[in-house]
Amino acid sequence: SRQIRLAARPVGEPRASDFETGMAELDPPADGQVLLRTVYLSLDPYMRGRMNDAASYAEPWRLGDVLQGGTVCEVLESRSVALAPGDLVLAYTGWQTHAVADAEGLRRLDPAQAPVSTALGVLGMPGFTAYTGLRVIGRPQPGETVAVAAATGPVGSAVGQIARIDGARVVGIAGGPRKCRALVEDFGFDAAVDHRSPAFEADLDRALPDGVDVYFENVGGAVGQAVIERLNRFGRVPVCGVVAGANSTTPPDGPVLHAVLRHVLSRSLLIRGFLQAEFVPTHHDAFLEDMTGWIRDGSVTYREDIVEGLEAAPEAFRGLLTGRNLGKLLVRVGED
Ligand code: NDP
């Protein structure tokens with residue numbers, strides 16, 4: 001198997017020298033196992049946190065180990081009755097071309113239902129994150145205003161479209177005119193605001209004449225601060241991610257705790273962090289059913305940004321944290 005491993009812990013923005021490529025001999029699959037060939041590798045913002053040594057909600061990755069990540073794989077050899085060669089599965093085999101895995105824990109994908117790449121995006125973890133954060137915590141009501149940043153990404157674009165289905169007015173925040181156009185033209189958002197524009201604050205005011213009732217927090221930093229200041233009474237803030245600080249070595253600019261708490265108090269705000277995994281047992285079946293239906297009837301669309309070849313993964317990952325991707329970032333590792 002050709003692998004990309006963590007060579008050094010990045011300081012700030014990851015550099016090429018933080019990654020190394022190597023080969024590994026795989027043992028043949030044992031009883032209950034399968035040999036897999038990677039078709040797609042998912043690149044996600046959480047990976048940056050796992051490259052640090054600091055304790056987070058998950059163990060940091062070890063130096064020299066293959067980088068982890070969600071994958072769509074083809075079964076090449078099977079020693080399990082549950083899977084046959086040629087089957088496509090959702091796996092977690094990371095940044096490598098081949099792997100041996102336990103068949104238990106792999107989910108078989110049906111290419112007739114949806115393109116298999118969507119199991120890593122709109123029909124996978126990011127789509128589920130949007131669905132649960134919005135429906136369980138944000139709970140938008142018809143006529144309310146929902147704001148979301150990193151809005152063209154797999155989480156943000158699903159948040160906006162589900163909020164529209166729920167009858168809300170949706171304002172997306174994204175970096176640059178190309179992404180802002182995509183928000184309105186491809187994803188059907190009511191308005192888009194470019195956080196890289198010098199007129200950001202004034203544009204935000206224009207896009208939010210009635211303030212914000214639900215702010216789905218994906219980024220934190222200066223964008224988070226600007227939107228939180230515009231929350232209405234009883235506003236809800238599902239705190240999903242703070243990717244603005246992903247590469248920072250010092251805390252990003254933002255209001256100090258006391259000022260935030262005063263604001264939370266005076267406007268009766270609900271701010272609630274979540275990790276999508278907490279909702280899997282209770283909401284995953286409903287998510288798959290709803291999202292599959294919305295994709296089929298056209299009420300949810302998705303975009304993918306696919307780079308070619310395992311070797312392209314480190315540079316593509318750098319781009320994810322600086323906003324180079326438009327849509328769900330995937331690496332095509334082998335032919336699908
Ligand atoms: P995206 O594909 O949207 O990629 C991240 C985007 O963040 C970039 O494209 C960029 O978009 C934006 N961004 C980066 N830096 C800044 C900044 N300083 N200010 C504003 N925007 C910035 O990622 P995902 O959709 O996969 O993830 C979105 C968020 O959801 C992340 O924070 C992620 O960590 C979180 N998440 C949380 C989960 C949970 O369980 N809580 C599960 C999955 C994801 P742009 O160019 O538009 O600025």
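My notes on the domains, the ligand shell and a helix follow.

I am working with a predicted model, in which local features need pLDDT of at least 70 and side-chain atom pairs count only at pLDDT 80 or more, while totals for chains, interfaces and linings use all residues. Residues are numbered from 1 along each chain as its sequence is written.

Domains. I found the protein chain divided into domain 1 (2–121 + 303–332) and domain 2 (125–277), with bounds that come from an automatic or database domain assignment. Their contact takes 14 residues from domain 1 and 16 residues from domain 2, where two residues are in contact if their C-beta atoms, placed from the backbone, lie within 7 Å.

Ligand. I looked up the 32 residues around the ligand, and G153, G175, G241, A244 and G323 come nearest; a residue counts as near if its C-beta atom, placed from the backbone, lies within 6 Å of the molecule. This shell draws at least three residues from each of domain 1 and domain 2, and α2 (125–138), α3 (154–165) and α6 (221–228) each supply at least two. Helices are DSSP runs (H or I, at least four residues) and strands likewise (E, at least two), numbered from the N terminus.

Helix α3. Is α3 largely enclosed or open? I noted that ten of its twelve residues are buried, so α3 is largely enclosed by the rest of the structure; buried means that 20 or more other C-beta atoms, placed from the backbone, lie within 10 Å of the residue's own. The cover over these buried residues includes α2 and the strand β8 (145–149). After α3 comes G167, whose phi is positive, near 90°.
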